[in-house]
Amino acid sequence: MTKDLIFIFLICISLFTLEANAQVDQSGFISIDCGIPKGSNYTDVATGLQYVSDSGFIDTGSNATISSEFQADGLEQQLYTLSSFPEGKRNCYTIRVPEGKGKKYLIRASFLYGNYDGKSQLLINFDLHLGVDFWATIQIVNASVPLYGEIIHILSSDFVQVCLVNTGRGTPFISALELRLLNSTIYKTTSGSLQTFVRLDLGSTATQLVRYQDDIYDRLWWPYNNVANTISLSTTSTIDNTNSYLPPSKVLSTAIAADNDTDGISLWWEPANSTDEYYIYLHFAEIEANHVNRQFNIYFDGELYEGAFAPAYMSVTTILSTSALKPKDRHQISLNKTGNSIRKPTINAIELYKVVKQIINPQTNDLDGKFMCVHTNTSLFRKNKYF
C-alpha cells in the first residue's frame, strides 16, 4: 500500500470515528445539548454522561442562552442553552441510531424558556412530532420551570426524526434531546407507544429529581410526598432493586404509608381527554424493620387487581397493568388494608404512561440507507390533574 493510500485510509477511519462519536453515547445513550457551539461536547458533572452539540443533527435554528436570572444553582447544564427556530414551519432533528430498528427507546425532549430572547414571552405553544406523527403539544407558561416530553417507542428504522412544528403561537425551541436504550422486555403494550404522564419517587423530600447514574435507564423520578392521608417513610439501607424494571434503589428507599386516619391509600388522576388509555407500574419494597403482617389489596378503578399483597422486605416488587385501563374521566388506584393485616398499606414509587396509538408510520423510510447530517419541575401534560 502506497503512502498516499495509507493516508486516505487513515482519513476515512478518522471520519468514521468522528461520525460514530457524534451519534452514539455510552450504554446505548444519545445525548444532545441544543444550542452549544458547533462541534463541541462535554461530560456532564452531575451524571457523567457525554453531551454533544446539536449542530451535527440539524442545519437550521439559532443558538441562544437563557437569561442570567434563570441560571440557578442545581439547574441541569443542558438547560442553560437552547436552539430556537423562528424560520420555517417544520424543523427536524435527524439522528442515526446504529442497529436501532426494532429496539425500544425512551426519547426525551427538554425545554426551558428562561427568557432567552429578552421578550418575556409566555403562552408559547408549538407541536412536537416523531417523524410524521404528532407526539405532543408543548405549552410554555412559566419561564423558570423546565418542561420534559418523554415517549417510549420501538424504532421502525435506524433513524429517528424529532420535529418542532410552528403552529403560529410562538417560536419553537428545544434545550436538549436524549435517547435511552431500554430492555425490550419492559413497558410492553398491546398497541402504540407510551407517553410519560408521571413518574414519582413517593415519600421523598429531596429537592432534586433522581436520574442516571442512580437509574441505569436515565428515567427522571420526581420527589413527591403530598398524597392525602399518608405519612413518609425512609431508610438509609440499600434496597435490592433487581427485577426487569430496575427502579433505582434510591427511589425505593422512600415510601408513603396510610396514616392513622385511614386504612388505605388512594391515588387518582383526571386525564385531559376522557378517551386516553393508561398503563400503570407500581413499585413496592418493605422498608420498615417492624413490618410484621402488612397486607393489602390493590384495586384499579374499583376492580381487584392483586389481593392480599405483602411487599418483600428490602426488595422490590413491581405490579403493572398488562393491558391499558379503559378510558374514564377519572382513574383511581386504591391500596386497602386487609382485615387481618396489622400494618397499613405502603408504596414506594409509581409510573403512569398514556398510550399514543397514532405513532405507527415508518419515520424516515431508513432514509434510503444514507446518513443525513442535517440534523420541576413539572409534567409535560399540564391539563391533567392527579392526587
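Two strands pair if DSSP finds at least two bridges between them. The legends below describe close-up views of a predicted model.

**View A. Strand S17 and its pairing partners, S16 and S24.** Two bridges join S17 to strand S24 (residues 346-347), and these strands run antiparallel. Within this pairing, isoleucine 256 is placed opposite isoleucine 347 of S24. Strand S16 (residues 230-234) is likewise antiparallel to S17, to which five bridges connect it. Here serine 234 faces threonine 254 of S17.

**View B. Burial of strand S17.** Strand S17 spans residues 254-258, and because five of its five residues are buried, the strand is largely enclosed by the rest of the structure. The side of S17 to which Thr254, Ile256 and Ala258 point is opposite to that of Ala255 and Ala257, and the residues pointing either way are all buried.

View C. A polar contact of 3.3 Å links the side chains of arginine 180 and glutamate 178.

**View D. A nonpolar surface patch that includes leucine 123.** Leu122, Leu123 and Val141 make up this patch, which covers about 280 Å². Leucine 123 is located in the loop between strand S7 (104-111) and strand S8 (124-130). Because its relative accessibility is 66%, leucine 123 counts as exposed, a class that requires over 50%.

Terms used. Residues are numbered from 1 along each chain as its sequence is written. This is a predicted model: local features need pLDDT of at least 70, side-chain atom pairs count only at pLDDT 80 or more; totals for chains, interfaces and linings use all residues. Side-chain values use heavy atoms; hydrogens and water are left out. A polar contact is a pair of N or O atoms within 3.5 Å; within protein, one must be able to donate a hydrogen and the other to accept it, and residues adjacent in sequence count only if both atoms are side-chain atoms. Patches are made of residues with over 30% relative accessible area and no salt bridge: like charges are joined within 9 Å, nonpolar side chains (Val, Leu, Ile, Met, Phe, Trp, Tyr) within 5 Å. Accessible areas come from the Shrake-Rupley method with a 1.4 Å probe; for residues, only the protein chains shown count as cover. A salt bridge is a side-chain nitrogen of Lys or Arg within 4 Å of a carboxyl oxygen of Asp or Glu. Helices (H or I, at least four residues) and strands (E, at least two) are DSSP runs, numbered from the N terminus. Buried means under 20% relative accessible area, exposed over 50%, partly exposed in between (1.4 Å probe, protein chains only).
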